[in-house]
Amino acid sequence: MEATASQFKIILGSSSVHRQKVLAEMGYDFTIMTADIDEKSIRRNTPEEMVMAIAEAKAEAIIAKLPIDYCKQDAEPPLLITGDQVVVYEGKVREKPSSKEEARQFIKGYSSGTAGTVSSVLVTNLKSGLSKGDWEKAEIHFHAIPDQVVDNLIQEKMVLNVAGALISEHPLLLPYVKQLVGTTESMMGLPKALTERLILEAL
């Protein structure tokens with residue numbers, strides 16, 4: 001069962017073009033707000049706990065920006081969707097690279113190796129205050145990635161804005177993907193089935 005998009009407004013609490021693309025593909029109209037929080041100040045013992053904590057912090061920051069009477073404007077409940085993603089490589093969490101050099105180090109490390117992602121989704125019903133959240137993992141196995149491909153990815157700069165400098169669906173990187181365990185949408189940071197389920201639960 002899918003939610004009917006006309007029943008409610010959606011705020012996507014993310015500036016990620018990848019999450020925006022996935023949510024649009026799901027057939028939802030939405031507005032965008034950003035949390036502007038210091039994500040690296042939020043640490044937890046496991047990647048799963050950390051991405052959930054960051055999704056919750058983003059939701060709190062965005063809710064604080066909304067007008068007091070925001071939820072009174074419509075009969076149907078507005079929903080806020082926030083999330084976070086980290087890459088896990090050899091047991092270590094990788095967030096957005098801090099420099100081109102770090103991005104290059106990250107991508108070269110994936111050559112002939114395996115990277116995992118942990119993505120969280122939190123859906124908050126802004127009328128009732130009910131929040132439903134969960135996380136999902138995916139894993140990607142790579143063939144050897146040529147140095148020239150790594151250099152070209154760095155030059156495009158897009159990899160500097162994503163966790164672990166990892167864009168598995170990028171046309172330059174896609175030919176070197178050996179196997180994807182999970183969904184492309186999960187790798188992009190917004191798993192469709194998980195998001196749909198949480199929307200229904202939050203309503």
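Here is a short chat about a helix pair and a pocket in this predicted model.

Visitor: How do the axes of H3 and H4 cross, and what is that arrangement called?
Guide: The axes of helix H3 (residues 100-110) and helix H4 (residues 147-156) come within 10 Å and cross at roughly 140°. Angles under 35 degrees count as roughly parallel, over 145 as roughly antiparallel, 65 to 115 as roughly perpendicular and the rest as oblique. Therefore H3 and H4 are oblique.

Visitor: Which residues of H4 make the contact with H3?
Guide: Contact means heavy atoms within 4.5 Å. H3 brings Lys100, Ala103, Arg104, Ile107 and Lys108. Its partners from H4 are Asp147, Val150, Asp151, Leu153 and Ile154.

Visitor: How do the residues of that contact divide by class?
Guide: Ala, Val, Leu, Ile, Met, Phe, Trp, Tyr, Cys and Pro count as nonpolar, Asp, Glu, Lys and Arg as charged, and the others, Gly among them, as polar. The contact of H3 with H4 therefore divides into five nonpolar, no polar and five charged.

Visitor: How many nonpolar, polar and charged residues line the largest pocket?
Guide: Lining residues have an atom within 4 Å of a point on a 1 Å grid. The largest pocket is lined by 30 residues. By class, they are 11 nonpolar, 10 polar and nine charged.

Residues are numbered from 1 along each chain as its sequence is written. In this predicted model, local features need pLDDT of at least 70, side-chain atom pairs count only at pLDDT 80 or more, and totals for chains, interfaces and linings use all residues, while side-chain values use heavy atoms, leaving out hydrogens and water.

Terms used
Axes fitted to C-alpha atoms, helices over the stretch in contact; angles between N-to-C directions. Helix = DSSP H or I, 4+ residues; strand = E, 2+ residues; numbered from the N terminus. 1 Å grid on protein atoms, 1.4 Å probe; cavity = no way out; pocket = protein on both sides within 12 Å on 5 of 7 lines; lining within 4 Å.
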